[in-house]
Amino acid sequence: VRWSMRVLRRIAEEVIGADKARRLWGRLEIVGDIAVIKSSAIAEGKDEILPEEYEAIAEELMKRFKYVRSVWLATAPMTGDYRLRGLRHLAGEKRTVTVYKEHGCSFKVDIARVFVTPRLSYEHSRIASLVRPGEVVVNMFAGVGLFSVIIAKKSSPRVVHSIDINPYAYRYMIENIKLNGVEDLVIPHLGDAAQVVEEMLVGVADRVLMPLPELALDYTVYAVKALRDGRGTIHFYLHKRIPRGGNPVVSAITAVKNRLGGLGVELHSADGRIVRKVGPRAYQVVVDAHVGSRTS
Ligand SMILES: C[S@@+](CC[C@H](N)C(=O)[O-])C[C@H]1O[C@@H](n2cnc3c(N)ncnc32)[C@H](O)[C@@H]1O
């Protein structure tokens, strides 16, 4: 993140001058051969950079990074059920489809129609490294299948059930399963995770992933239902805003414990880590919750 802030700032200083560049609170996100400029000033409605200034910065960016073919400005943070961002074209090809590579796997994505971010890269490999051979995994909010495909490629699961409600995410997920040759290991499902679990995945899983902070706690009951004999591991991704001096990991583990307790489910043990900062004193945190009497 720091690298991408520094690069953007340096280019902006050269193109629009140091004074104005100081007002650009942004960073770069590069997905395949597409670069997205993300600005927190825009998110807060305080943007002082003119459209043509963004375009000039984008042109310069393309000169520096030869592999970047298209540059976009994120005009709104990720929103809505599908977690999509608003985008305005700045330079290069007017194209939002690309192939994004991570951990030796390839993912076709349309950054305007599906959620994707390189900032979950470490989590993808961390979770894959926890999966033991023969496990059944349910990924309740799978997007275009990054966790699911990487687990299938690296960890010899029995099967990964990969659910998303966005028809575009589902379509790209199917393509990505084929692209990476894991047709026998990843089963795509289109629909609401609660409904898909109720209808076909009750009592099947050793491990459940909930990588959607907005719904993870509300859908705890379905994650528990998906576990075989009510035992296994649930990975909760949560957003935690904390007071000064507070600990987001402790606060997230407490939230998970309370939610499970409310459902009469025993939390055997839990670990947590900060995934990324998402705002002033706000963090995305993952809690690995070992539920029931068996640790896994
Ligand atoms: C943060 S993204 C997932 C990121 C993905 N796991 C990755 O690693 O790139 C959350 C996803 O949940 C999906 N979603 C939202 N509500 C859902 C629901 N009720 N059931 C299933 N999927 C849902 C969205 O379409 C979106 O693709």
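Tutor: In this predicted model, helix 1 (residues 2–16) packs against helix 4 (residues 51–64) with the axes 9 Å apart and at an angle of about 120°. Angles of 65 to 115 degrees count as roughly perpendicular and those over 145 as roughly antiparallel, so helix 1 is oblique to helix 4. The crossing in which helix 1 passes helix 4 is right-handed. On the side of helix 1, the contact is made by Leu8, Ile11, Ala12, Glu14, Val15 and Ile16. Helix 4 brings Glu53, Ala56, Ile57, Glu60, Leu61 and Arg64 to the contact.

The aromatic residues come next. Trp3, Phe65 and Tyr67 belong to one aromatic cluster. The structure holds 5 aromatic pairs. In one of them, the ring centres of Phe65 and Tyr67 are 6.1 Å apart and the planes stand at 80°, so this pair is edge-to-face. Phe65 has a relative accessible area of 14% and is buried, whereas Tyr67, with 46%, is partly exposed.

Another aromatic pair is formed by Phe141 and Tyr219; the pair is tilted, with 45° between the planes and 5.8 Å from centre to centre. Phe141 is in the loop between strand 7 (136–139) and helix 6 (146–155), and Tyr219 is in the loop between strand 10 (207–210) and helix 9 (220–226), so the pair ties together parts that are 78 residues apart in sequence. Phe141 counts as buried at 14% relative accessibility, and Tyr219 is buried with a relative accessible area of 13%.

Helix 6 also takes part in a helix packing. Helix 5 and helix 6 have their axes 9 Å apart and pack at an angle of about 45°. The two helices are therefore oblique to each other, and helix 5 passes helix 6 in a right-handed crossing. Glu123, His124, Ile127 and Ala128 make the contact from helix 5, and Leu146, Phe147, Ile150, Ile151, Lys154 and Ser155 make it from helix 6.

Which residues of helix 5 (residues 121–130) are buried? They are Ser121, Glu123, His124, Arg126, Ile127 and Ala128. What covers the buried residues of helix 5 includes helix 6 and strand 10, together with strand 5 (97–102), strand 11 (232–241), strand 12 (267–279) and strand 13 (282–291).

Val221 has its place in helix 9 and is partly exposed, with a relative accessible area of 30%. Between the C-alpha atoms of Val221 and Val196 the separation is 13 Å, and the two residues are 25 residues apart along the chain.

Arg171 lies over the face of Tyr172, 5.2 Å from the ring centre.

Notes
Residues are numbered from 1 along each chain as its sequence is written. This is a predicted model: local features need pLDDT of at least 70, side-chain atom pairs count only at pLDDT 80 or more; totals for chains, interfaces and linings use all residues. Side-chain values use heavy atoms; hydrogens and water are left out. Rings of Phe, Tyr and Trp (its six-membered ring) pair if their centres lie within 6.5 Å; planes under 30 degrees apart count as stacked, over 60 as edge-to-face and the rest as tilted. Buried means under 20% relative accessible area, exposed over 50%, partly exposed in between (1.4 Å probe, protein chains only). Helices (H or I, at least four residues) and strands (E, at least two) are DSSP runs, numbered from the N terminus. A charge sits over a ring if NZ of Lys or CZ of Arg is within 6 Å of the ring centre and within 35 degrees of the ring normal. Contact means heavy atoms within 4.5 Å. Axes are lines fitted to C-alpha atoms, for helices over the stretch in contact, and angles run from 0 to 180 degrees between N-to-C directions. Angles under 35 degrees count as roughly parallel, over 145 as roughly antiparallel, 65 to 115 as roughly perpendicular and the rest as oblique. A crossing is left-handed if the near helix is turned anticlockwise from the far one by less than a right angle, and right-handed if clockwise.
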